[in-house]
Amino acid sequence: MSADTSLMPIPGPVDPVPVPRAAAPRADGKVELIGRSREAIRGALEEAGLEPKQAKLRAKQIWHWIYNRGVSDFAKMTDIAKAQQPWLIERFAITRPEVVEAQVSTDGTRKWLLRTHDGHDFEMVFIPDADRGTLCVSSQVGCTLNCRFCHTGTMKLVRNLEPGEIVGQVMLARDALGEWPSSPEGRMLTNIVMMGMGEPLYNFDNVRDALKIVMDGDGLGLSKRRITLSTSGVVPMMDRAGEEIGVNLAVSLHAVTKEIRDEIVPLNKKYGIEELLAACAAYPGANNARRITFEYVMLKDKNDSDADARELVRLIKQYKLPAKVNLIPFNPWPGAPYECSTDERIRAFSNIVFEAGISAPVRTPRGRDIDAACGQLKTAAEKRKRADLDREAAAA
Ligand code: SAH
Ligand code: SF4
């Protein structure tokens with residue numbers, strides 16, 4: 001294990017997994033308000049010395065300015081007494097992640113390189129379409145898992161993102177798109193996918209707390225039906241994700257046999273395909289109107305045969321899963337050990353699944369020219385050696 005991670009138990013009936021230490025405190029000693037519930041903002045104000053009644057009123061006002069107006073300057077909060085503003089400014093912060101670089105793809109996809117207050121870089125992507133706009137949000141800096149086809153998986157996990165850093169991504173996107181005040185009409189940003197860097201179910205509490213604010217009708221106001229959480233298959237946390245967050249579920253299946261899934265998604269050695277599909281069948285809120293998405297990356301001669309497609313259909317039927325399948329052409333990155341399947345192969349695979357009555361669209365890669373496509377996200381953190389990754393995967 002590298003120097004900045006340690007083995008810590010995470011809440012719930014889960015084996016200890018390598019998770020990073022918490023974020024360093026802010027250098028200026030201020031308390032960050034983004035990412036806190038109304039209750040927690042009130043608590044922080046009270047702790048700093050406000051009377052309970054005052055704290056409650058101020059918390060309500062500050063919440064409104066932050067999440068409905070996008071304001072991060074206490075001096076602009078016109079219903080807060082001028083005399084109290086310096087007191088707030090001295091003690092509290094309302095910050096977004098720092099934007100280090102913003103890029104735009106020829107297809108309109110945008111990618112931001114962001115930095116936490118303690119100097120860790122991560123990425124966020126916005127994918128505009130004719131009728132919607134999807135923000136791809138990161139949950140961790142790097143990832144503890146090392147799926148062999150994923151560029152993020154070659155990064156050393158630096159740390160979990162805090163709730164404020166997750167909510168902050170959505171707020172930054174609203175800033176960039178000019179979508180304050182926050183109202184549902186005419187927004188470009190309509191959907192959120194937790195599919196950026198990291199495994200959201202290995203940062204469960206922070207992701208849940210962040211999404212609660214994103215979904216709050218009085219907060220950022222995005223419906224849970226427009227939010228999708230993608231997991232590589234952290235089985236013991238899936239039920240809680242359904243119960244406590246309640247967003248759409250996407251599962252990175254990518255293979256239908258133990259041999260191949262063990263190789264490309266090493267977490268499979270811990271939570272196998274049967275266990276994973278049983279957890280999908282039990283996912284709270286999944287039904288025919290709200291299907292589980294299975295993501296399937298198309299890797300040449302690895303997982304893309306007709307037999308694989310037929311086995312995928314068989315498994316979905318065996319577990320009676322309300323499912324759709326997203327076929328993702330593999331996005332290459334320097335040194336990747338795989339190639340993308342041919343177009344004909346992908347089409348043949350899609351047809352087999354489709355003919356069995358299961359929707360299986362082929363995803364058009366977006367933002368490849370700026371390395372913004374699925375699996376291409378990686379920041380400058382030290383690249384781990386392939387041999388180390390293989391050793392860790394073998395130990396998983
Ligand atoms: N950690 C989560 C969410 C982030 S990855 C998960 O694994 O589900 C988002 C999606 O991109 C996952 O389905 C992932 O398997 C896929 N992906 C990763 N690398 C890819 C690549 N090089 N090409 C295409 N898709 C990739
Ligand atoms: Fe992590 Fe997901 Fe990439 Fe796997 S695919 S290494 S779980 S980010």
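This is a predicted model: local features need pLDDT of at least 70, side-chain atom pairs count only at pLDDT 80 or more; totals for chains, interfaces and linings use all residues.
Residues are numbered from 1 along each chain as its sequence is written, chains are lettered from A and ligands numbered from 1 in the order in which they are written, and side-chain values use heavy atoms, with hydrogens and water left out.

Two packed helices are described by the angle between their axes and the distance between the axes. Here the helices (H or I, at least four residues) and strands (E, at least two) are DSSP runs numbered from the N terminus, and the axes are lines fitted to C-alpha atoms, for helices over the stretch in contact, with angles running from 0 to 180 degrees between N-to-C directions. Helix H1 (residues 38–47) packs against helix H2 (residues 52–69) at an angle of about 130 degrees, their axes being 8 Å apart. That makes H1 oblique to H2, given that angles under 35 degrees count as roughly parallel, over 145 as roughly antiparallel, 65 to 115 as roughly perpendicular and the rest as oblique. The contact (heavy atoms within 4.5 Å) involves Arg-38, Ile-41, Arg-42, Leu-45 and Glu-46 of H1, together with residues of H2 that include Pro-52, Ala-55 and Trp-63. By class, this contact of H1 with H2 has seven nonpolar, no polar and five charged residues, where Ala, Val, Leu, Ile, Met, Phe, Trp, Tyr, Cys and Pro count as nonpolar, Asp, Glu, Lys and Arg as charged, and the others, Gly among them, as polar.

Helix H5 (residues 204–215) and helix H6 (residues 235–245) pack with their axes 11 Å apart, at an angle of about 25 degrees, and are therefore roughly parallel to each other. Among the residues that make the contact are Phe-204 and Leu-211 of H5 and Met-237 and Ile-245 of H6; the residues of this contact divide into seven nonpolar, no polar and five charged. For helix H9 (residues 306–318) and helix H10 (residues 343–355), the angle is about 30 degrees and the axes lie 9 Å apart, which makes H9 roughly parallel to H10. Their contact includes Leu-312 and Val-313 of H9 and Phe-349 and Ile-352 of H10, and its residues comprise seven nonpolar, no polar and four charged.

A cavity is defined on a 1 Å grid over the protein atoms alone, as a set of points where a 1.4 Å probe fits but cannot get out, and its lining residues have an atom within 4 Å of a point. Grid points are joined across faces, edges and corners, and a volume is the space filled by probe spheres set on the points. By this rule there is one cavity of 30 Å³ or more, and the largest cavity holds about 40 Å³ of space. Its lining includes Val-247, Tyr-283, Arg-290 and Ile-292, and the lining residues divide into six nonpolar, two polar and two charged.

Most residues other than glycine have a negative phi, and most peptide bonds are trans. A cis peptide bond, with omega about -10 degrees, joins Trp-180 and Pro-181, and Pro-181 is placed in the loop between helix H4 (163–177) and strand E11 (191–194). Lys-320, a residue other than glycine, has a positive phi near 50 degrees and lies in the loop between H9 and strand E15 (323–329).

Definitions and conventions:
On a 1 Å grid over the protein atoms alone, a cavity is a set of points where a 1.4 Å probe fits but cannot get out, and a pocket is an open set with protein on both sides within 12 Å along at least five of seven lines; lining residues have an atom within 4 Å of a point.
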